Amino acid sequence: MALVEVKGVSKRFGGLTAVSGVDLTVNAGEVHCLIGPNGAGKSTLFKLIVGLYPPTEGNILFDTVDITTERPYARVQRGMSIKMQAPSVFKELPVRQNIQTALQERLSGAERIAEEDRLLTLLNLAPDSGKLAGALSHGQQQWLEIGMALALKPQLLLLDEPTAGMSPEETYKTGELIKSFNAEGMTVLVVEHDMAFVRQVAQRVTVLHLGKIFARGNLESILQDEKVAEIYLGKTHAH
Amino acid sequence: MFKLLEGPQTLGRGRMFWTCFLVVLGGALAYPLFADSYDVGNFAYFLIWIFMALGLCLMWGYGGMLSFGQTLFFGIAGYGYGVLAINMGGGTATIAALVLSVALAMIAAGILGYFMIWGGINGIFFGIVTLSATLVLAFFLGQTAGPEWHIGPARLNGFNGMKGMDPLTVGDFYIEGSALYYVLVALIVIVYLALRMLLNSGVGNVIVATRENPQRAEMLGYDVRKYQLLTFVIGSGLAGLSGALYTSWGQFITPSSIGLPAAAMPIVWVAFSGRSDLTATLVGSFLLLFGFQTITVYSQQAALVLMGALLLATVMLAPQGFVLGIGKLVADWWRDRRRGDDAVVTEAGRLQSEEA
């Protein structure tokens, strides 16, 4: 069953067409990766889905409801949760308060504190829970933001380059974390260009190129597609 | 609910802080018993402005919205109180005039805030728009000297200002002098504690999160515009409370209490005190008002120059505020001392058990 349907969506900035007539379906329960070379329109499409940009043409449906004109907060209230490309945390607030702000609408009292502790432990942030978020390393800030996104217990987790700036170990752990949440039924849409990470988590892949859908399918079929290898992966990496 | 009196958004917690709070409150309550009525009246005058400073602290320090419009809402409620008190005939109706005039200021803030916040005005432009609105009101009221400018029997009187309204009254009892002082102390305690509870609640978390990163706050499912509007309306309403109380206290109000020099004053008080904390703002604003009034007796120009110099010194030397900085130093010193005492007690206990 389709959880997200992007139908004929285009986005133009003046004379530049960043996304052109894109159709994309993200099925409930899958980890779907959106890949493509720089300038392919991945981040623009991501921002269209989360509501940061209004589309020039087309419609976006979430759980069969047309959300094209809804603001980001309304989409989050419907069950989306978003992690942006650059770490976007409340830098002048303590780490725990960051998580608390994400949790407080869903849980209260002892339940909320227990969930804060669970997430902080899961993300290896428990020893730093009293620090200001701005004092964390780049990778830790990425995890904190993932933790805030997870705290909403969303139907759909949207991640824009979640492993940017992380070490290989941190990247691997993030992948395992995403897989564990997906195993519990969470749908995940990831924009990523780290192919090792994509191999680790992806169940379906969509390739964007010059603002259009270039290829789609399971990871194996994409990796074996010569044209995809030419535009993005590099032939030596394709096999 | 009382747990919200302490939390991450407000400095000052624990028995020591609340003991100091009660001592200061006790001193404030005892003050009229040994001070002469002139000084009590002066202190009441200083206290009137505290609401406006706390409102700006809420908007600017916690909400990240630098409003230059505190005297706009001060003026709306101040003139509103005058018009209502005169038209409603004085007496106990002045209490209703006070409540309605503050409500009027909050409605005006709601309308202005809606257009600014939903229109995407933020940062420096928020200050520019609120300052412009303030100057518009000040200039408008300045040209209302003619007899045609009246609302019922209440004449606006241009630069000479409006006068002739009753002070706050219950039955035949005028709330003036010591009575007004006690009312103001009670109101300040209520507003201060209520703001602490608001800021340490979930709503306060979102207000501060919006200041830090509005996009992230929206990505957590909060319509940040509503929280910003709520902050603006409460902060401006507190300025309105100052305005209505001011008119009641002096039984007059003029456009000069709205114009540019007046509009800059709350910024100086809050910046000097430490905009990110309510307690620092309360203490610092009172001290500045006291100092300003003392110097004004000798030279108003000198007092204004001093205010400007203080603002410059704050920006250059202590951007987070002098009172807040000193408060943090004292808190650190106290904590270190407690740790030292605890270490001595622990060491003594260890030695005792070794001897045993």
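Helix axes here are lines fitted to C-alpha atoms over the stretch in contact, and angles run from 0 to 180 degrees between N-to-C directions. Helices (H or I, at least four residues) and strands (E, at least two) are DSSP runs, numbered from the N terminus. This is a predicted model, in which local features need pLDDT of at least 70 and side-chain atom pairs count only at pLDDT 80 or more, while totals for chains, interfaces and linings use all residues. Residues are numbered from 1 along each chain as its sequence is written, with chains lettered from A and ligands numbered from 1 in the order in which they are written.

Helix α3 (residues 70-88) of chain B and helix α5 (residues 124-142) of chain B have axes that come within 8 Å and cross at roughly 35°. The crossing of α3(B) and α5(B) is left-handed, meaning that the near helix is turned anticlockwise from the far one by less than a right angle (clockwise would be right-handed). On the α3(B) side, Thr71(B), Leu72(B) and Gly75(B) make the contact, and on the α5(B) side Thr130(B), Ala133(B), Thr134(B) and Leu137(B) do. Contact is called when C-beta atoms, placed from the backbone, lie within 7 Å. Sorted by class, the contact of α3(B) with α5(B) has three nonpolar, four polar and no charged residues. For these classes, Ala, Val, Leu, Ile, Met, Phe, Trp, Tyr, Cys and Pro count as nonpolar, Asp, Glu, Lys and Arg as charged, and the others, Gly among them, as polar.

Over in chain A there is an open sheet of six strands, in the order β6-β7-β8-β3-β9-β10, with mixed pairing. Two strands pair if DSSP finds at least two bridges between them. At the edges sit β6 (80-83) and β10 (212-217) of chain A, each pairing on one side only. From one strand to the next, the twist averages 15°. Helix α1 (residues 42-50) of chain A packs on the sheet and touches β3, β6, β7, β8 and β9 (204-209) of chain A.

Strand β8 (residues 187-191) of chain A has five of its five residues buried, so it is largely enclosed by the rest of the structure. Buried means 20 or more other C-beta atoms within 10 Å of a residue's own, exposed means 12 or fewer, and partly exposed is in between. Both faces of β8(A) are covered, with Thr187(A), Leu189(A) and Val191(A) on one side and Val188(A) and Val190(A) on the other. Strand β3 (residues 31-35) of chain A pairs with β8(A) in the parallel sense over four bridges, and Leu34(A) has Val191(A) as its bridge partner. Strand β7 (residues 156-160) of chain A also pairs with β8(A) in the parallel sense, over five bridges; here Leu158(A) is partnered by Leu189(A).

Leu158(A) turns up again in the largest nonpolar core, which has 160 residues; Leu158(A), Leu54(B), Ala77(B) and Ala105(B) have the most contacts inside it. The largest share of this core, 16 residues, comes from helix α2 (residues 37-62) of chain B. Such a core is a set of buried Ala, Val, Leu, Ile, Met, Phe, Trp, Tyr and Cys residues joined through C-beta atoms within 7 Å.

Then there is Thr171(A), which is placed in helix α6 (residues 168-183) of chain A. Thr171(A) is buried, with 21 other C-beta atoms within 10 Å. Thr171(A) and Phe197(A) lie 26 residues apart in sequence and 7.0 Å apart in space, C-alpha to C-alpha.

Conventions:
Contact = placed C-beta atoms within 7 Å.
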